[in-house]
Amino acid sequence: MLKDDLEKCKEKHILTSFYSDRDDTDSFSVGYIQGISDKYMLTESISKYGNYDGFDLRLLNRIFSAEWGGLYEKKLEFPVKIRNSNPQAAKIIISQLGGPDGETGAATRYLNQRYSMPNRRVIGI
């Protein structure tokens, strides 16, 4: 259900707040959703001052709540102007960082393999 709501926010290009810590609801991220897969969400983050703050890739299962259209989002919405929204770039970033053949998956496999090498003299190098 949350994923469906996030998809709607993406389609309508709505500034959205994302909550990841159930114990600290004063801590959250704000941004425009650029891409969603079954596992990840890519957002163009907005700082607390209303400035563009880069991309943020997060696991969907870590987000427990999202809000949009609230007072905080409305305050940030006006000074933010993202000139070039690029859905194709968002898809590439998600596939490279989060996909099974992506860079993050490859790096994790390499790190795990280095500790399982049969030759103990070169393990962990």
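This is a predicted model: local features need pLDDT of at least 70, side-chain atom pairs count only at pLDDT 80 or more; totals for chains, interfaces and linings use all residues.
Ground rules. I number residues from 1 along each chain as its sequence is written, and side-chain values use heavy atoms, without hydrogens or water. I read local features only at pLDDT of at least 70 and side-chain atom pairs only at pLDDT 80 or more, while totals for chains, interfaces and linings use all residues.

Sheet. I took helices (H or I, at least four residues) and strands (E, at least two) as DSSP runs numbered from the N terminus, and called two strands paired if DSSP finds at least two bridges between them. I found an open sheet of five strands in the order E4-E3-E2-E1-E5, paired antiparallel. E4 (52–59) and E5 (65–68) are the edge strands; each has a single partner, so one side of each lacks a neighbour in the sheet.

Pairs. I looked up E1 (residues 16–19) with E2 (residues 29–36) and got three bridges, antiparallel. Serine 17 has valine 30 in E2 as its bridge partner.

Helix. I see H1 (residues 2–12) packed on the sheet, touching E1, E2, E3 (40–46) and E5; contact means heavy atoms within 4.5 Å.

Hairpin. I counted six bridges between the antiparallel E3 and E4. Methionine 41 stands opposite arginine 58 in E4. Five residues lie between these strands, and glycine 50 in this hairpin has a positive phi near 85°.

Loop. I checked histidine 13, between H1 and E1. Its phi is near 55°, positive though the residue is not glycine. Most residues other than glycine have a negative phi. Histidine 13 is partly exposed because its relative accessibility is 36%, between the limits for buried (under 20%) and exposed (over 50%), with a 1.4 Å probe and protein chains only.

Conventions: Axes are lines fitted to C-alpha atoms, for helices over the stretch in contact, and angles run from 0 to 180 degrees between N-to-C directions.
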